[in-house]
Amino acid sequence: MRRRDLLAGAAALGVAAGGAALAIGGVDPWDDGESIESFDLPTIDVAGVEAETIAVPERGTVTFVELFATWCGVCADLMDPMASVYADLGEDVQFVSVTNEPLGQTVTEADVGDWWDAHGGTWPVAHDVDLDLTRTLGASSVPYSFVLDEDNTVTWSDSGYKSESELRAPIEGALATDETGW
Amino acid sequence: MSPYERVPRRRYLAGVGAASVGLTAGCLDVLDGGDSAENTVLDPPEQYELLREARDNDDLVYPIHGDPLPDVSAPCTIRDEPVATTDFEDKCHTMYTFIFSRCHAACPGLVSGLRHVQADAIDEGVADEVALKTVTFDPEYDTPDVLYEYGAQMGVDYDVGNWYFIRPETEDAAHEYVEEAFGCYFARNPEYEGGDHADDEHGHEDDGHGDEDEHGHGDENDHSNDDHEQDDMRDMEMAFMHESMIVLANADGYVERTYAGEVPTPDVLIDDARTLVDRW
């Protein structure tokens, strides 16, 4: 019965109702070409990853970064299409998943490592300890995927499940732009 | 408008920008000592004057900075006893959100946000100064056991004793608590095609799958059609439509912040909770 009031308020402010859609995904807030800084994030100990910290996003290369959490079922679903894209494009880009969960209490780094192995992850996974990357990218939900060009400018972002082709296209687009210098 | 309809970010920002134009003078008034100052310790939020005007005109149904916390009570499943919002006055600050555990869109993000605040409060040694309240509006499905397991999966730390699952006993009671008192809209989704979504781990596995082959050979129009199909599918999978809302109240029983619409990133919640604890 208060639905009408709610909508009236939301429309007057242009705040609440519009924002709600962002939580669901499909909106790209990055259309101003802003370059972001790199953050040194500790990596989680998983197979094939040796560095203790990695700079994300890495300047001078195209970066694909995914924010995820181990409680997130859609994040688990996303691992298969990500693995396929990583197999094809992993050598050409910085490919990294980042958890922003609070680790060390009920969920530990070892839990993340186990989750990672169980879901077939073969690329680096890092921990956004102080939420710096989450804050900078404005990743209000998980999974949230971003493609950044070699200048650390976000060229594509979207939340939620993505098919292999939906992930591949923006990465290939950023690589093509880098090659042609556009 | 359904909460699930997409609104272009640009339009959303344009609305905010336009709204803030007329606010400059008003903000100064607030800083000079608005009527919210005596009940709150956080600075007024952005657009406070506009929010206050809308609130005072009954155009805004949820409590904002400086409003008293709604006075409602419902059972807490963890303590197995009724808990009222007023029970926390003079004891600790409280953060509320409103969810149903079958939700696979905004709700996990809302609960995760509160979990971040809990983890930070533990790290800072102030867990007894901030209570986290997650109110379900789906009591039929969200039994005490379901809620406990849901929290465990989300990484909730039950040992510190500051996490509360609040469960109004009926959906009508949930409407009184969540929608009438807190102004957080929710409604059963008439498009919901129920079925076996009981297990949150598996209920969403058909979410967006199966359409992979349809991508990659279509033109832009085809792609946007796919998006709509995915949206429709997601709508049908959601038992409820609802507003995303988190409310932070101080230990005097006044609202300090209402985050409505977009789910805030966890750093925002942590920063505001820390500021409240520090200044109190």
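Is B:Arg257 buried or exposed?

B:Arg257 is buried, because its relative accessibility is 13% (buried is under 20% relative accessible area, exposed over 50%, partly exposed in between; 1.4 Å probe, protein chains only). This is a predicted model, in which local features need pLDDT of at least 70 and side-chain atom pairs count only at pLDDT 80 or more, while totals for chains, interfaces and linings use all residues. Side-chain values use heavy atoms, without hydrogens and water, and residues are numbered from 1 along each chain as its sequence is written, with chains lettered from A in the order in which they are written.

B:Arg257 belongs to strand S9 (residues 255-260) of chain B (strands are DSSP E runs of at least two residues, helices H or I runs of at least four, numbered from the N terminus). A polar atom of its side chain lies 2.8 Å from the backbone oxygen of B:Asp43.

## Salt bridges

The count over all chains is 16 salt bridges (a side-chain nitrogen of Lys or Arg within 4 Å of a carboxyl oxygen of Asp or Glu). One of them joins B:Asp272 and B:Arg257, at 3.8 Å from N to O. This pair links distant parts of the chain, with B:Asp272 in helix H8 and B:Arg257 in strand S9, 15 residues apart. B:Asp272 counts as buried because its relative accessibility is 15%.

B:Asp43 forms a salt bridge with B:Arg279 (3.4 Å, N to O). These two residues are 236 residues apart. B:Asp43 is partly exposed, at 44% relative accessibility. By contrast, B:Asp138 and B:Arg102 are both buried, and their salt bridge has its closest N and O atoms 2.7 Å apart.

Notes:
Polar contact = N/O pair within 3.5 Å; in protein donor to acceptor, adjacent residues only side chain to side chain.
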